[in-house]
Amino acid sequence: MNGKKLFLAPMAGAADGAMRQMCREHGADGCVTEMVSAAAVWYKDKKTFALAGLGAGEEDCAVQIFGHEPHMIANAVKVLYEKASVKPRAFDINMGCPVKKVVSNGDGSALMRDPALAGAIVEAAVKVSPVPVTVKMRTGWDKDHKNCAELCRTVQECGASAVCVHGRTREDMYLPGTVDIESIAKAKAAVGIPVIANGDITDGKTALRMLEMTGADALMIGRAALGDPFVFEKIRAELEGLPYKEPTVKERLDAAREHLLLLIQLKGERTGVCEGRKHMAWYTKGMAGSASLRKKLNSAVSAAEMINILDEIEKDTQI
Ligand SMILES: Cc1cc2nc3c(=O)[nH]c(=O)nc-3n(C[C@H](O)[C@H](O)[C@H](O)COP(=O)(O)O)c2cc1C
């Protein structure tokens with residue numbers, strides 16, 4: 001299984017420029033932005049442009065768009081491409097988001113229930129996009145409507161260059177133990193374009209199982225990378241049968257400090273520290289003897305305070 005690409009999954013509220021850089025440094029072969037709303041681009045929302053913006057060295061990144069109106073999606077593709085100082089490698093259309101607010105608007109995984117509209121959206125995007133258009137979907141709406149193989153075929157016919165299938169239905173949300181690898185395999189068998197498999201990949205064993213059972217062309221890793229950008233190196237080494245040494249506590253805390261500084265660089269100290277809290281909690285999860293210190297990370301208001309707490313945790317775990 002050498003050479004299969006490992007991508008970082010799009011994760012709203014987490015996989016921003018800072019997290020993407022951390023994962024890239026530790027072996028991610030490509031990334032996807034947090035999902036951005038086609039309607040918000042239509043109404044020229046400044047925050048949305050910031051969310052879709054790529055930094056230096058992010059040429060490996062796709063910009064993900066959600067929406068349900070072909071003309072708005074096409075507009076978002078055009079505008080975001082024109083505005084981008086670093087051009088994305090692709091535009092990815094979100095057909096997997098299960099969140100009620102999104103789905104009730106006809107966006108995200110609601111599109112799996114309307115394959116004709118899903119196809120029209122891809123066609124409209126492909127028509128105006130200077131770069132490939134891809135689609136990320138789930139296996140279907142619920143266990144009685146698993147139509148990812150058919151939808152993969154539809155979007156392929158409409159010009160999509162690749163698809164990513166998360167092996168859960170909308171109904172499954174993120175429930176543990178619900179990933180249906182067989183449906184991903186059926187999707188892979190149904191199309192000629194590359195299929196990226198996603199869902200509960202956390203190490204070499206789960207990665208290998210996914211690759212062997214689906215024949216997928218690449219893998220996408222989401223939650224396992226939260227607070228653990230090293231997961232890409234680990235999976236790569238394990239897939240290639242190379243020895244892998246887990247990072248030490250110090251190496252993990254160094255990565256946490258680097259991630260925090262990147263967040264601050266990107267968003268300023270106030271927002272960087274605020275958004276950094278959840279990341280720091282992920283990085284320090286399970287570290288021995290530091291429960292009370294880790295709690296303190298949640299109320300830290302400055303970078304210096306946060307770095308101090310990380311230093312304390314480091315001392316604490318060395319005792
Ligand atoms: C916090 C969070 C935010 C997410 N945001 C997005 C998103 O913006 N677009 C998307 O297509 N999927 C999104 N997802 C789904 C992930 O990309 C991925 O499909 C899912 O987490 C399953 O992969 P995993 O088991 O490796 O985490 C999100 C998931 C999480 C946990």
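Predicted model: local features only at pLDDT ≥ 70, side-chain atom pairs only at ≥ 80, totals over all residues.

Colleague: Is Val249 buried, exposed or partly exposed?

Modeller: The idea is to count C-beta atoms, placed from the backbone: a residue is buried if 20 or more others lie within 10 Å of its own, exposed if 12 or fewer, and partly exposed in between. Val249 has 16 other C-beta atoms within 10 Å, so it is partly exposed.

Colleague: And which residues is Val249 in contact with, leaving aside its neighbours within four places in sequence?

Modeller: Two residues are in contact if their C-beta atoms, placed from the backbone, lie within 7 Å. By that rule Val249 is in contact with Met287, Glu314 and Thr317, once neighbours within four places in sequence are left aside. Val249 and Gln318 are 69 residues apart in sequence, yet 8.8 Å apart in space, C-alpha to C-alpha.

Colleague: Which domains does the assignment give for the protein chain?

Modeller: Domain bounds come from an automatic or database domain assignment. Here it gives domain 1 (5–239) and domain 2 (249–318). Their C-alpha centres lie 29 Å apart. Eight residues of domain 1 are in contact with 10 residues of domain 2. The side of domain 1 that touches domain 2 has four nonpolar, three polar and one charged residues. For these classes, Ala, Val, Leu, Ile, Met, Phe, Trp, Tyr, Cys and Pro count as nonpolar, Asp, Glu, Lys and Arg as charged, and the others, Gly among them, as polar.

Colleague: Which residues of the largest nonpolar core touch the most other members?

Modeller: A nonpolar core is a set of buried Ala, Val, Leu, Ile, Met, Phe, Trp, Tyr and Cys residues joined through C-beta atoms within 7 Å. The largest one has 95 residues, and Ile65, Ile73, Val122, Ala125, Val163 and Leu219 touch the most other members. Both domain 1 and domain 2 give residues to this core, so it lies between them. As an example of its packing, Val122 is in contact with Ile93, Val133, Val135, Val155, Cys158, Gly159 and Ala160, leaving aside neighbours within four places in sequence.

Colleague: How should I read burial along a helix?

Modeller: An α-helix has 3.6 residues a turn, so residues three or four places apart point the same way. Helix 1 (residues 17–25) is mostly covered, with seven of its nine residues buried. They are Gly17, Ala18, Met19, Arg20, Gln21, Met22 and Cys23. These buried residues pack against strand 1 (5–8), strand 2 (31–32), strand 4 (61–66), helix 10 (231–239) and helix 11 (249–267). Just after helix 1, Gly27 takes a positive phi of about 110°.

Colleague: Which residue has a positive phi although it is not a glycine?

Modeller: Lys44 is one of them, with a phi of about 55°. Lys44 sits in the loop between helix 2 (38–42) and helix 3 (46–52), and it counts as exposed because it has 9 C-beta neighbours inside 10 Å. Met173 also has a positive phi, of about 50°, and is not a glycine. Met173 is in the loop between strand 7 (162–169) and helix 8 (181–190). With 11 C-beta neighbours inside 10 Å, Met173 counts as exposed.

Colleague: Which residues come nearest to the ligand?

Modeller: A residue is near a molecule if its C-beta atom, placed from the backbone, lies within 6 Å of it. Of the 22 residues around the ligand, Ala9, Met11, Met35, Gly222 and Arg223 come nearest. The shell divides into 10 nonpolar, eight polar and four charged residues.

Definitions and conventions:
Residues numbered from 1 in each chain as written. Helix = DSSP H or I, 4+ residues; strand = E, 2+ residues; numbered from the N terminus.
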